[in-house]
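These are my notes from one sitting with a single model.

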Amino acid sequence: MDLFEKCYKTSMVDEVREMGIYPYFHALESKQDTEVIMEGKRRIMLGSNNYLGLTTCPAVIEAGVKAYQQFGSGCSGSRFLNGTLLLHLELEKELAEFLHKEAVVTFSTGFQSNLGIISALVGMHDYVIMDRENHASLYDGCRLSYGKMLRYFHNDMEDLEKKLQKVPESAGCLIVTDGVFSMGGDIANLPEICRLAKKYGARVMVDDAHGLGVIGEGGRGTASFYGLEDEVDIYMGTFSKSLASLGGYMAASERVAEYVRHNSRPFIFSASIPPANCAAALAALRQLKARPELVDTLQGNARYMRQKLDEKHIRMRPSNGGCVPIVPIYTYEEIPTLTIAKDLYDHGVYVNSSLPPAAAPHECLLRTSLMATHTHALIDEAVEIIAEVLGRYEL
């Protein structure tokens with residue numbers, strides 16, 4: 001059998017391309033902002049994770065340019081060898097202080113962070129227990145480890161306890177959950193997760209990629225949102241969302257961080273974050289610390305968007321926080337979802353299509369996401385277009 005035979009079989013990708021509703025790889029011709037030029041036309045951007053709008057912040061851009069000039073275009077090595085810059089250490093120190101943790105370890109991407117953390121900490125006789133709606137990178141981190149993975153139904157604490165009861169007392173156990181779930185926009189039931197972890201002797205890791213800069217005191221994330229910073233053992237996050245750059249991190253105790261630094265293959269065998277990305281993330285963090293009102297504005301925009309969609313009788317996936325800037329709109333089936341997304345795109349609104357396995361079967365979504373820099377006037381314009389387009393379809 002030819003290895004490439006699978007590549008030539010007709011797939012759904014071929015079908016939706018033929019139908020003219022393929023939703024991916026649209027090319028930007030401008031900065032990542034609330035309004036963009038995409039394939040020659042103005043679009044209202046409702047599909048970005050640039051939650052605080054800092055990709056266009058002059059101070060962030062200037063920091064990246066200066067780092068490029070001072071340190072060059074790349075590090076050409078891993079953190080272990082020649083790839084550690086003073087900038088990396090500065091970023092890790094300031095981020096640890098901001099998150100009220102002893103130490104931070106930075107990785108080249110957010111995806112790589114989850115691979116590196118879980119594979120280092122979960123050994124052959126250990127267990128990792130996952131929410132079913134966790135990000136794909138968390139699942140791949142489990143696959144890279146030698147531990148046994150168990151999954152519990154989304155935010156179902158009874159099912160989580162059943163899974164914890166299956167873990168032998170002699171085994172280590174790590175409960176892993178998204179803080180803010182990237183597709184649904186709901187928030188993990190962290191108080192109950194931490195209670196159960198304490199009861200069964202497990203550790204807790206929160207993927208806060210969509211929580212940092214979004215919820216919690218000053219944007220400190222999900223643990224801060226619940227007042228549980230001392231109860232969560234590991235935070236993971238990214239620089240590619242609220243911090244307007246590229247890279248990822250783990251925040252934990254100094255001993256755990258030191259262990260991961262010396263045992264995480266994705267950390268040890270990858271080149272470090274390039275200087276410009278590191279400097280931009282640090283400048284964005286300083287913007288967040290200096291301007292906590294950005295978080296309030298972002299949350300206000302999320303509430304405003306939900307209110308306006310509700311007034312148009314548009315069915316959204318509910319959010320238990322109400323303030324999360326991820327606002328998913330139900331479109332149910334795959335082809336209607338892609339058709340509506342294309343219609344919106346043609347009318348000047350960019351949204352993301354959420355299809356299985358990112359969404360449950362028959363619960364496909366249009367994932368809209370907001371920035372602190374969206375104005376109410378821009379949200380009003382987008383909602384009018386969304387309502388007009390959705391009104392043409394029987395959902």
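Which residue stands opposite Tyr 249 in β9? I looked this up and found Gly 237. I note before going on that the model is predicted.

**Entry: strand β9**

I followed β9 to its partners. Strand β8 (residues 234–238) runs antiparallel to β9, and four bridges join the two. On β3 I counted five bridges to β9, again with an antiparallel run. Ala 103 is the residue opposite Ala 252 of β9. As a reminder to myself, strands of a sheet pair through backbone hydrogen bonds, either parallel or antiparallel.

I then asked how many of the five residues of strand β9 are buried. Five of the five are, so the strand, residues 248–252, is largely enclosed by the rest of the structure. In a regular strand the side chains alternate between the two faces of the sheet. I checked the directions here: Gly 248, Met 250 and Ala 252 point one way from β9, while Tyr 249 and Ala 251 point the other way. Both sets are buried.

**Entry: the open sheet**

I looked at an open sheet of three strands, in the order β1-β2-β11 and with mixed pairing. Its edge strands are β1 and β11 (349–350), each of which pairs on one side only. Between β1 and β2 I found four bridges and an antiparallel run. Ile 37 has Arg 42 in β2 as its bridge partner.

**Entry: nonpolar cores**

Which residues have the most contacts inside the largest nonpolar core? They are Leu 160, Leu 190 and Ile 193, in a core of 68 residues. Helix α11 (residues 275–290) gives the most to this core, namely nine residues. I also noted a second, separate core of 25 residues, with Val 351, Leu 366, Val 383 and Val 389 among them.

I took Leu 160 on its own. Setting aside neighbours within four places in sequence, Leu 160 is in contact with Ile 129, Tyr 152, Ile 175, Ile 193 and Leu 196.

I next took Thr 177, which sits in strand β6. Thr 177 has 1% relative accessibility and so counts as buried, the limit being under 20%. Residues up to four places away in sequence not counted, Thr 177 touches Asp 131, Asn 134, Tyr 152, Ala 188, Leu 190, Ile 193, Met 205, Val 206 and Asp 207.

The largest cavity has a volume of about 50 Å³. Its lining includes Arg 79, His 88, Gln 112 and Ile 273. Also among the lining residues are Thr 106 and Phe 107, together with Pro 266 and Phe 267. I recorded that β3 and α10 (265–268) each supply at least two residues of this lining. By class, the lining of the largest cavity has five nonpolar residues, six polar and one charged.

I then turned to the second largest pocket, which holds about 400 Å³ of space. Which of its 19 lining residues lie nearest its centre? I have Leu 121, Arg 203, Asp 233, Ile 234 and Val 256. The elements α4 (110–121), β6 (173–178) and α9 (254–263) each supply at least two lining residues. I sorted the lining of this pocket into eleven nonpolar, three polar and five charged residues.

Most residues other than glycine have a negative phi, and most peptide bonds are trans. I therefore listed the exceptions below for a second look.

Glu 39 is not a glycine, yet its phi is positive, about 55°. Glu 39 is in the loop between β1 (35–38) and β2 (41–45). Its relative accessible area is 41%, so I logged Glu 39 as partly exposed.

His 100 also has a positive phi, near 60°. I placed His 100 in the loop between α3 (86–99) and β3 (103–107). His 100 counts as partly exposed because its relative accessibility is 43%.

Where is the cis peptide bond that I noted? It joins Pro 356 and Pro 357, with omega about 10°. Pro 357 belongs to the loop between β12 (352–354) and β13 (364–369).

Note on methods:
Residues numbered from 1 in each chain as written. Predicted model: local features only at pLDDT ≥ 70, side-chain atom pairs only at ≥ 80, totals over all residues. Heavy atoms only, no water. Buried < 20%, exposed > 50% of the residue type's maximum accessible area, 1.4 Å probe, protein only. Pairing = 2+ DSSP bridges. 1 Å grid on protein atoms, 1.4 Å probe; cavity = no way out; pocket = protein on both sides within 12 Å on 5 of 7 lines; lining within 4 Å. Points joined across faces, edges and corners; volume = space filled by probe spheres on them. Nonpolar A, V, L, I, M, F, W, Y, C, P; charged D, E, K, R; others polar. Core = buried A, V, L, I, M, F, W, Y, C linked by side-chain atoms within 4.5 Å. Contact = heavy atoms within 4.5 Å.
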